[in-house]
Amino acid sequence: MAANLTRYSYWQFRDFIRERGLALIITSTLLGFTVVAPMRAMLGSNIDEVNAKRILMMALPQLVYISAFIALNGLISTDRKLGYYRFLFSKPVSIPAYYAQYFLVSLIGFLAVFAFLLGVFAFVVRPVSPFGALAWCGLVYLSFGGIAFFISSLFRYDWPILAGVYLGSALVNGLWADRGGFRMVIRDMLPPVHKLSAAMNDIMNLGTVDTNSVLWLLGYSALCFAAGLFVLWRRPIG
Amino acid sequence: MIELQNATKVYRSLFGRSVTAVEDFSLQVAEGEVLGIAGPNGAGKSTLISLMLGYLRPTHGRVLIRGLEPRTFVEKNGIGYLSELMTINPNWKADEALVRFATLAAIPPADVRGRVDAVIEELGIGEHRDKKIKALSKGNLQRLGVAQALLRDEEVMILDEPTHGLDPVWTQRFRGIVEGLRRPGRTIIIASHNLDELQRLADRVAIIDRGRLQRLVQTGYDQATDAGGTYRISIATGADRLKAMFPQAVDSGDGEFELTFSSIADLNAALAQLIGGGVLVAGVVPSRSVLEQQFREAVGEQN
């Protein structure tokens, strides 16, 4: 990657924290509070590690999916919609490389936000090992990320489409879980986000992962990410 | 340096409607040349510029910069570009925006601060450097846009409506800046509605309308194409003598007369006759610049 773009990652990280990170912290704190506060009231202030982990596992899915959505929507489309690309890409910069870097910088920002939130959790409830939770947050980001990246490279108004894809995928996987025929084909073609819940249990309780599920999740996302890069490479941004 | 070969850009909507923004456009812009682009609103100027920056790809034909596809050229070399639409994140500060653009422009880290300070000084926006983009006036924002285009010593500069929103003082200074940018090997393209500005700055002006290149006008004097024109002659004394010598002269009042000549040589002969006849000539200006005349003819014929 070109040195100028690598140096620009500092500014991309600042953009992420200013434009999304603060929103993520506020939204997640409020959402998390609705889960943590009743549990804390029920269990009292002296919560043991098992219960702390249980509370965390109840809170995390509520926060991480919506946070990944906030972190990932408009990754590319915002610059196209608002015309920011005009000045940015008159400089000697590869457009696919710029957004690939922004994707990775956003992952770091996303994990930094959740590291901070886990710190808040440790302060309010009880310290728990953050590694499993952070690994699962990273997995959620990466699983959603490639698809979000691809959709954002194609459409200016990507977030309703992204929301539709995820809701559709969750619904289809719920309704047609055991169906065969064309329903199975449709189900298998949609993003395998339903595998994330099981992955959380594996990672946080067993400290392991179902390799097939994770490979399927990351492979699907990686294919979409590559498709997004191809779109950025071939399709003019204007 | 920049070559457009039968470039055509057609926009197609989802519902099958199509609009041809640029049609069969062929033009070569040489190294060291300043090319003006003039045309009425919706003529296709912005699409043409987007094609040159690789933000759009031609539907037919080709656009090449130094033999490369525009995007390839930009990714290797960069282009000093000022957009007509000042689309910079409104939450960035002016100074911060320039540091960001300098970083992207591959200016070495040790030189970024110095280069940013230099363009801030040159464009006189020092007192606004800590303001957010959204707090800048139109004129200051425009100066910031010019500043970011000047950050690096680019071989190609594309300035879209560069003096839009600038006050007369800065419009004048901008002309000086562009004059200073001229150098062998650098190609400058200026799109503007201001024909007077293009007449002063450009070597040639491409007049476009309805997506087509209508005329390519040489702005300097060219004996081969000299067709004369109408001139406004101001005189201090001797109005009666002028009227006697040139009865066809149109009296515009206040000692100003309009006379039409078939060539520059005829104009000079007439001036010599006037001065020889004791008329004190105070000034001679074309009623309409060559460019304005050509523009009216080219665009007027179409509309």
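From the N terminus on, the elements of chain A run α-α-α-α-α-α-α-α-α-α. Everything here comes from a predicted model, in which local features need pLDDT of at least 70, side-chain atom pairs count only at pLDDT 80 or more, and totals for chains, interfaces and linings use all residues. Residues are numbered from 1 along each chain as its sequence is written, while chains are lettered from A and ligands numbered from 1 in the order in which they are written.

Let's stay with chain A for a moment. Its radius of gyration, taken over C-alpha atoms, is 19 Å, close to the 18 Å that the globule rule (2.2 Å times the number of residues to the power 0.38) gives for 238 residues, so chain A is as compact as a globular protein of that length. Along the principal axes, its C-alpha atoms fill a box of roughly 60 × 50 × 30 Å. Of those 238 residues, 37% count as buried (20 or more other C-beta atoms within 10 Å of the residue's own, with C-beta atoms placed from the backbone).

Now for where the chains meet. The contact (C-beta atoms, placed from the backbone, within 7 Å) takes 18 residues from chain A and 26 residues from chain B. On the chain A side, α1 (3–43) and α4 (85–88) each supply at least two residues, and the largest share, 4 residues, comes from α1(A).

Chain B has its own layout: an automatic or database domain assignment gives domain 1 (2–218) and domain 2 (223–302). Their centres, taken over C-alpha atoms, are 36 Å apart. Where these two domains touch, 14 residues come from domain 1 of chain B and 10 residues from domain 2 of chain B. On the domain 1 side, α7 (195–201), β8 (204–209) and β9 (212–218) of chain B each supply at least two residues.

Methods. A residue is buried if 20 or more other C-beta atoms lie within 10 Å of its own, exposed if 12 or fewer, and partly exposed in between; C-beta atoms are placed from the backbone.
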